[in-house]
Amino acid sequence: MSQQRPFVVGVTGGIGSGKTTVCREFQKLGAPMVDTDQVAREVVAPGTPGLAAVVDAFGPEVLMADGQLDRRRVRQLVFATPDLRLRLEAILHPLIRQATDAQVAAAGYPYCLVCIPLLVERGGGNRVDRVLVIDCPPEVQTARVMVRDELTAPEVAAIMRSQASREDRLAAAHDVLENSGDIATLRPQIAALHARYLQLADEVTR
Ligand code: ATP
């Protein structure tokens, strides 16, 4: 008997908008979540074909003494040589996609959240059944990221400029959670969306 693929809700939002925080609230209600940032680390863990392919392309200088990928070194290399970025993405993107699909399929729940920070930037909307945007005014994002990552306001602003605009992200959304206040104030909306996603999942499998 073939197993039904869960209904996939792509969760996106700018840096520090609260994607992880909101997903955690859905998880408390029982929903599974696949974090593509985490998957991106797993596919280049020591001993994986992904890490072997990256070392083949970039040389052993991208390995740290303990055999882990030196992400900082890789970032420096791709920053200096744009062609290398394409090469790295050609290696990693199919692996990340495959591993994400496998984790979604194994979730064993009617719907699955997939946290994709750059969903809008990468045009990933066609890989998900629905898009949930975590929205936040830029000044709140900036304040939270400055505390969390110990960055300056200009450093956060530079990251935000490299990401999709708030307008473009909102235009891609089926659902929006505005996360500028206390997370407790969002819980009723999260519970309502959880019920809605279960209902939508039920409708598509009927
Ligand atoms: P990134 O994409 O940068 O990893 P993210 O969108 O997953 O970020 P979080 O890590 O969930 O964002 O939140 C960013 C920071 O803001 C964290 O330190 C988190 O604890 C805090 N935060 C998120 N939502 C709220 C909230 N509603 N109230 C107070 N702090 C919050």
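Colleague: How many aromatic pairs does the count come to?

Modeller: This is a predicted model, in which local features need pLDDT of at least 70, side-chain atom pairs count only at pLDDT 80 or more, and totals for chains, interfaces and linings use all residues. Residues are numbered from 1 along each chain as its sequence is written, and side-chain values use heavy atoms, with hydrogens and water left out. Rings of Phe, Tyr and Trp (its six-membered ring) pair if their centres lie within 6.5 Å; planes under 30 degrees apart count as stacked, over 60 as edge-to-face and the rest as tilted. By this rule, the number of aromatic pairs is three.

Colleague: Is Tyr 109 buried or partly exposed?

Modeller: Buried means under 20% relative accessible area, exposed over 50%, partly exposed in between (1.4 Å probe, protein chains only). The relative accessibility of Tyr 109 is 22%, so this residue counts as partly exposed.

Colleague: Which polar side-chain atom lies 2.5 Å from an oxygen atom of the ligand?

Modeller: A polar contact is a pair of N or O atoms within 3.5 Å; within protein, one must be able to donate a hydrogen and the other to accept it, and residues adjacent in sequence count only if both atoms are side-chain atoms. For Lys 19, the distance from a side-chain N or O atom to a ligand oxygen is 2.7 Å. The atom at 2.5 Å belongs to Thr 21.
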